[in-house]
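Me: I'd like to learn how to read a model like this one, feature by feature. Could you walk me through it?

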Amino acid sequence: MLFRSLAAGQAKQLFDEYPNHAKSGQAMWLYYYALSRANKTQEILDSIDTSLEDPRCSSYRKNLLYLKWFALRDRKRVV
């Protein structure tokens, strides 16, 4: 679990440090993917809408939408 949280942090750091890189959208998708693997659904839901609207993430929109659905479904199951 700790490894996945660290991976998420590294992916987010890459996105923040290299915002104009061609793969910055992929870094953000990897960030949310790592959060999903660590079951950090609230962290996903707190910020994924911003990434869904970010043009740098447009190539990964379907992946991000799936992860949002995953987080919403998981949150509903917990409640």
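Reply: Let's start with burial: a residue is buried under 20% relative accessible area, exposed over 50%, and partly exposed in between, using a 1.4 Å probe and protein chains only. Asn39, with a relative accessible area of 48%, is therefore partly exposed. Please keep in mind that this is a predicted model, where local features need pLDDT of at least 70 and side-chain atom pairs count only at pLDDT 80 or more, while totals for chains, interfaces and linings use all residues. Residues are numbered from 1 along each chain as its sequence is written, and side-chain values use heavy atoms, with hydrogens and water left out.

Me: What pattern does the protein follow along the sequence?

Reply: Helices (H or I, at least four residues) and strands (E, at least two) are DSSP runs, numbered from the N terminus. Here the protein has four helices and zero strands, giving the pattern α-α-α-α. Of its 79 residues, 35% count as buried.

Me: How do I check the length of a helix, and what does α2 show?

Reply: The expected span is 1.5 Å times one less than the number of residues. With 14 residues, α2 reaches 20 Å from its first C-alpha to its last, close to the 20 Å expected. For α3 (residues 41-53), 13 residues should span 18 Å, and the end C-alpha atoms are 19 Å apart, which agrees.

Me: Where does α3 bend?

Reply: A bend at a residue is the angle between axes fitted to the seven residues ending there and the seven starting there. In α3 that angle is about 45° at Ser47.

Me: How many residues of α2 are buried?

Reply: The count is 10 of 14, so α2 is largely enclosed by the rest of the structure. Among them are Trp29, Tyr31, Tyr32 and Leu35. Just after α2, Asn39 takes a positive phi of about 60°, although Asn39 is not a glycine. This residue lies in the loop between α2 and α3.

Me: Which residues have the most contacts inside the largest nonpolar core?

Reply: In soluble globular proteins, nonpolar side chains tend to be buried together. A nonpolar core is a set of buried Ala, Val, Leu, Ile, Met, Phe, Trp, Tyr and Cys residues joined through side-chain atoms within 4.5 Å. The largest one here has 19 residues, and those with the most contacts inside it are Met28, Tyr31, Tyr32, Leu35, Ile44, Ile48 and Leu64. Elements giving two or more residues to this core are α1 (2-17), α2 (24-37), α3 and α4 (61-78). Its largest share, seven residues, comes from α2.

Me: Is Ser51 buried or exposed, and what does Ser51 touch?

Reply: Ser51, in helix α3, counts as buried because its relative accessibility is 6%. Contact means heavy atoms within 4.5 Å. Not counting residues up to four places away in sequence, Ser51 touches Met28, Tyr32, Cys57 and Leu64. Seen from Met28, with neighbours within four places left aside, the contacts are Lys12, Phe15, Ser51 and Cys57. A polar contact is a pair of N or O atoms within 3.5 Å; within protein, one must be able to donate a hydrogen and the other to accept it, and residues adjacent in sequence count only if both atoms are side-chain atoms. The side chains of Ser51 and Tyr32 make one at 3.3 Å.

Me: And is Lys62 buried or exposed?

Reply: Lys62, in helix α4, is exposed, with a relative accessible area of 67%.
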